[in-house]
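Good morning, and thank you for coming. Please look at the structure on the screen while I describe the spaces inside it.

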Amino acid sequence: MEIFIGPDHEWMTAEAARLVTRKMELSVRANGIFTAALSGGETPKSLYRLLSSRPYRKNIDWRAVHVFMVDERFVPYAHPESNRRLIQEMLVDRVNLPIDHFHPIETRYRTLSHATIAYEKQIGAFFGLRKRSEFPRFDLVLLGIGEDGHTASLFPGSRALKEEKRIAVPVRRSGSRPARITLTLPALNNARTIIFLVSGKRKASALERVILEEDPLLPASLVRPNRGSCVFFIDKEAAEHILNAEVESRVSE
Ligand code: 6PG
């Protein structure tokens, strides 16, 4: 686990963009391809904006990149909370990514289960997975953390956290909150690189429990790649409670 703490959101975005492009270059050089599973939410928007601006847009070989999704709300594309729409509008549509290199979680299916199975099939076919319990090996998984310690659509206490065989599972939520589809822990933890982006005071307590206490009740604490690296980019506000602690951090001012 590598933890980098810096002054603000802008710093975090720039550092993440640098690491993502370095990983892309290495992966494309070695294997001719780079696969990334991206999250929605507020935090990564600035990263998508940066990656789709010059010079990133020009310098990245987008023809070698394949974009997947970490999770999605079971809502139509036009819905303001659609992660697909966010990723498509802020990144995919703005760079030279070939149209069939975007592999979204489709929500046009009649049921949540159908949509989940379709996404698992899509991933299975792409990565050539032959049996159940085989997992894709994404070059990059980009994650955020919620104030309650959730990550992807893996919420505290959820049955989804126990999943060991499936790549993606449906997540039903209480009240009027839209149901979701999420990659599972074994799918996330099989990645080559996992990057967490965490910014803002509101995240400070959850982050303390995830990084210092490694509290297993918080789903983000359960994200630990089996044979890959996990990098946290955290701004000062979110790092408020861990700044003085003895974590392996590099403060970059
Ligand atoms: C989503 C996510 C979710 C997110 C966290 C943090 O679609 O909302 O995948 O796990 O990363 O909730 O969200 P913010 O970046 O909006 O704080």
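The largest cavity is lined by 14 residues, and those nearest its centre are Val20, Met24, Ala36, Leu38 and Leu51. A cavity here is a set of points, on a 1 Å grid over the protein atoms alone, where a 1.4 Å probe fits but cannot get out; a pocket is an open set with protein on both sides within 12 Å along at least five of seven lines, and lining residues have an atom within 4 Å of a point. What we see is a predicted model, in which local features need pLDDT of at least 70 and side-chain atom pairs count only at pLDDT 80 or more, while totals for chains, interfaces and linings use all residues. Residues are numbered from 1 along each chain as its sequence is written, and side-chain values use heavy atoms, with hydrogens and water left out.

The volume of this largest cavity is about 90 Å³, a volume being the space filled by probe spheres set on the grid points, which are joined across faces, edges and corners. How do the residues of its lining divide? They are 14 nonpolar, no polar and no charged. In this count, Ala, Val, Leu, Ile, Met, Phe, Trp, Tyr, Cys and Pro are nonpolar, Asp, Glu, Lys and Arg are charged, and the others, Gly among them, are polar.

The largest pocket holds about 680 Å³ of space. Its lining has 34 residues, and Gly40, Gly41, Glu42, Thr43 and Arg73 are the closest to its centre. Helix 4 gives the largest share of that lining, five residues; helices (H or I, at least four residues) and strands (E, at least two) are DSSP runs numbered from the N terminus. The lining of the largest pocket divides into ten nonpolar, twelve polar and twelve charged residues.

Where does the ligand sit? The ligand sits in the largest pocket, in the sense that more than half of its atoms lie within 2 Å of the pocket's grid points. Of the 15 residues around the ligand, Thr43, Asn83, His150, Ala152 and Lys203 come nearest, a residue being near if one of its heavy atoms lies within 4 Å. An oxygen atom of the ligand is 2.4 Å from an N or O atom in the side chain of threonine 43. For the side chain of histidine 150, the corresponding distance from a ligand oxygen atom to an N or O atom is 2.7 Å.

Key:
Polar contact = N/O pair within 3.5 Å; in protein donor to acceptor, adjacent residues only side chain to side chain.
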